[in-house]
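Good morning. I will take a few minutes on one structure, so please look at the screen.

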Amino acid sequence: VVRLTGSGKGGRNQELALAAAEGISGLSNAALFSVGSDGTDGPTDAAGGFVDGATRQRLLEEGIHIDQVLLNNAYHALQRTDGLIFTGPTGTNVNDVTVGLVEG
């Protein structure tokens with residue numbers, strides 16, 4: 001469950017992706033995406049989010065700290081890193097899909 005707080009917006013898939021950015025930070029061979037199969041994530045126009053090992057550093061360079069952003073939800077931080085995924089409505093509502101990739 002994601003509770004909207006502060007002035008932010010987001011959804012559970014965006015939150016999961018942004019939180020994962022901390023764990024894969026600095027890994028040049030890792031990425032994660034999480035999307036809602038219905039094409040929307042929470043009350044936003046995005047279906048979910050994408051992060052890679054450089055996401056945290058890109059945010060830090062703009063003075064944005066992930067732990068603080070998650071207090072206000074993930075949408076705007078992912079927007080700053082081109083990490084939002086847009087699919088438009090899909091007409092299905094089966095589940096969420098989360099994929100983590102690590103190149104070996």
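I will go through the strands and then the aromatic rings. Keep in mind that this is a predicted model.

Start with strand E1, residues 30-36. Is E1 mostly covered or mostly open? E1 is mostly covered, with 6 of its 7 residues buried.

Now the neighbours of E1. Strand E4 covers residues 96-102 and is joined to E1 by 7 bridges. E1 and E4 run antiparallel. Strand E2, residues 48-52, is joined to E1 by 5 bridges, and this pair is antiparallel as well.

Which residue of E4 stands opposite Ala 31? That is Leu 101. Ala 31 also has a residue opposite it in E2, namely Asp 52. Further along, Val 35 has Gly 48 as its bridge partner in E2.

Gly 48 takes us on to the next strand. In E3, the bridge partner of Gly 48 is Ile 85. How many bridges join E2 to E3? There are 2, and the strands run antiparallel. E3 consists of residues 84-85.

So much for the strands; now the rings. A pair of aromatic rings is described by how far apart the centres are and by the angle between the planes. For a pair to count here, the ring centres must lie within 6.5 Å. The count of aromatic pairs in this model is 0.

Which residue lies over the face of Tyr 75? It is Lys 9, at 4.2 Å from the ring centre. The cut-off for that distance is within 6 Å, taken from NZ of Lys.

That is the end of my part.

Key:
Residues are numbered from 1 along each chain as its sequence is written. This is a predicted model: local features need pLDDT of at least 70, side-chain atom pairs count only at pLDDT 80 or more; totals for chains, interfaces and linings use all residues. Side-chain values use heavy atoms; hydrogens and water are left out. Rings of Phe, Tyr and Trp (its six-membered ring) pair if their centres lie within 6.5 Å; planes under 30 degrees apart count as stacked, over 60 as edge-to-face and the rest as tilted. A charge sits over a ring if NZ of Lys or CZ of Arg is within 6 Å of the ring centre and within 35 degrees of the ring normal. Buried means under 20% relative accessible area, exposed over 50%, partly exposed in between (1.4 Å probe, protein chains only). Helices (H or I, at least four residues) and strands (E, at least two) are DSSP runs, numbered from the N terminus. Two strands pair if DSSP finds at least two bridges between them.
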